[in-house]
Amino acid sequence: MRAISALGAVAVLGAAGVLGACSSDDAAGNDGDKVAGVDIQRAATGDITKNGGARRLSEDQTQMIADSIQKSGAKNVILVIGDGTANQEYTLARDYEYGAAGQLPGIDQLPFSGDYTTYSLNKDSHKPSYVTDSAASGSAWSTGTKTYNGGISVDVNGKAQRSILEIAKANGLKTGDVTTTELQDATPAVQVSHVSQRKCYGPKATLEKCPENALENGGLGSITEQLLATRPDVTLGGGWETFNETATAGEYKGKTLDVQAKERGYQVVRSADELAGVKAADQDKPLLGVFADGNLPRMWSKATAVKDGNKQPAVKCSPNAEFTSAVPKLGAMTTKAIDLLKGDKGFFLQVESGSVDKANHDADPCGQIGETVQLADAVKAALDFAKESKDTLVIVTGDHAHSSQIAETDAELPMPGLTRNLTTKDGETITVSYGTSLEAGEEQHTGGQVRIAAYGPGAVNVTGLSDQTDPFFYITDQLGLDRDKK
């Protein structure tokens, strides 16, 4: 990568609108977060009806950005993914939970941001497919190679592509993979497996859907079998149902994947209390935490959008009774993973709030907002560690855009699709619209570019427009990894 001077980069960023203008201290942050002596809080603390009351920058950002540009080389990288999370999802969660002038903790404090393109490839023509799924998008950032929708860390011809986690492990770093979904779901799967079809969770589905990947046919096995073989130091999420399946070939033939995990030396935990009790995780005793048969329950209960929902009274979101104390929150899982991975070796950790996407598919704004709040909690945990360690790159992004929109609140307006009115922290009504289907559960991804933001060594690489494959290269470069090392 060609070097540029700090002042030159500042000039470029200023022209791009990344830097804020000088301002007085009347909108200063409320908890003293500093980068290069500059407050990075992004909540507006003034009277939003007054001049300057809504602005979010408390100080000129030029020197902070110049100092950040001069730093390069990260010991650790934490990549945080909000599945199906783009600007509309961030704005909705901020407006509802923190108020329009508030901030999403962690997420809104990241000093560098840009956008990346998310298109996938058509498997037959090899030309762009403009709306990606989570498998193709995750494969892009994890391997640096674009692929077709449904492919897990393989190229458009089905050839396996090495992931950041695999490369980091080969270079001696510790690794982790954390999610609120099934561990076999697309985003966690792209770091630990290579299959031609994303639904090849266990041996049974692999024989049916991608037989070329089955162990008995000379393949690498199902996603779960490959996860166990890849052996991250820390793996946390859901998907226990698949661990009850029995291997049909290989060294562990006739044994369940649960038994296989234990025979491979994994510490297996099933609750938040058991997770809290884990003191160490490494290649001798890697940690496998599985906290639900399927996806982890969403933190907030459903409030499904309906046809003409904009004409109904606004509601408040409520806790989900299924989210019990036995289920660890994403922020807690992130903190635990960092504590277990940090040390002399350095680490790569991927963290996902996966059900922002799933609630979006369901036209469920409350479920969606709750999982975005979980995302913010995870980012705050990562950012708190990075600010203390001074050698950690934190990157936060989504894998694709989705269908939710903030619409004008007007009960007289005819609105296509499904809508729901919510009462925000500001005490006002916000109308959420889902317009890609008239059936809850059938809302679809959209093809917009997605925000990416960062803090720490190399964070400047996210600015401007990049592609979803770019993070693979600058993450491995910042970590100093040999991408060919086995």
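User: Which cysteine forms a disulfide with Cys317, and how far apart are their sulfur atoms?

Analyst: Keep in mind that we're looking at a predicted model. For a disulfide, look for two cysteine sulfur atoms within 2.5 Å. Here Cys317 pairs with Cys366, at 2.0 Å between the sulfur atoms. Cys317 sits in the loop between β10 and α12, while Cys366 belongs to helix α14, so the bond ties together parts that are 49 residues apart in sequence. The link is left-handed, with -80° about the S-S bond.

User: Are Cys317 and Cys366 buried or exposed?

Analyst: Buried means under 20% relative accessible area. Cys317 comes in at 16%, so it counts as buried. Cys366 is buried too, at 1%.

User: How many disulfides are there, and what is the pairing in sequence order?

Analyst: The count is two. The other bond joins Cys200 to Cys210, S to S 2.0 Å. These two are 10 residues apart, with Cys200 in the loop between α6 and α7 and Cys210 in the loop between α7 and α8. Both Cys200 and Cys210 are buried. Number the bonded cysteines along the chain and you get 1-2, 3-4.

User: How many residues of α12 are buried, and what follows the helix?

Analyst: Nine of the 12 are buried, so to speak mostly covered; among them are Leu330, Met333, Ala337 and Leu341. An α-helix has 3.6 residues a turn, so residues three or four places apart point the same way. After α12 comes Gly343, with a positive phi near 155°.

Definitions and conventions
Residues are numbered from 1 along each chain as its sequence is written. This is a predicted model: local features need pLDDT of at least 70, side-chain atom pairs count only at pLDDT 80 or more; totals for chains, interfaces and linings use all residues. Side-chain values use heavy atoms; hydrogens and water are left out. Buried means under 20% relative accessible area, exposed over 50%, partly exposed in between (1.4 Å probe, protein chains only). Helices (H or I, at least four residues) and strands (E, at least two) are DSSP runs, numbered from the N terminus.
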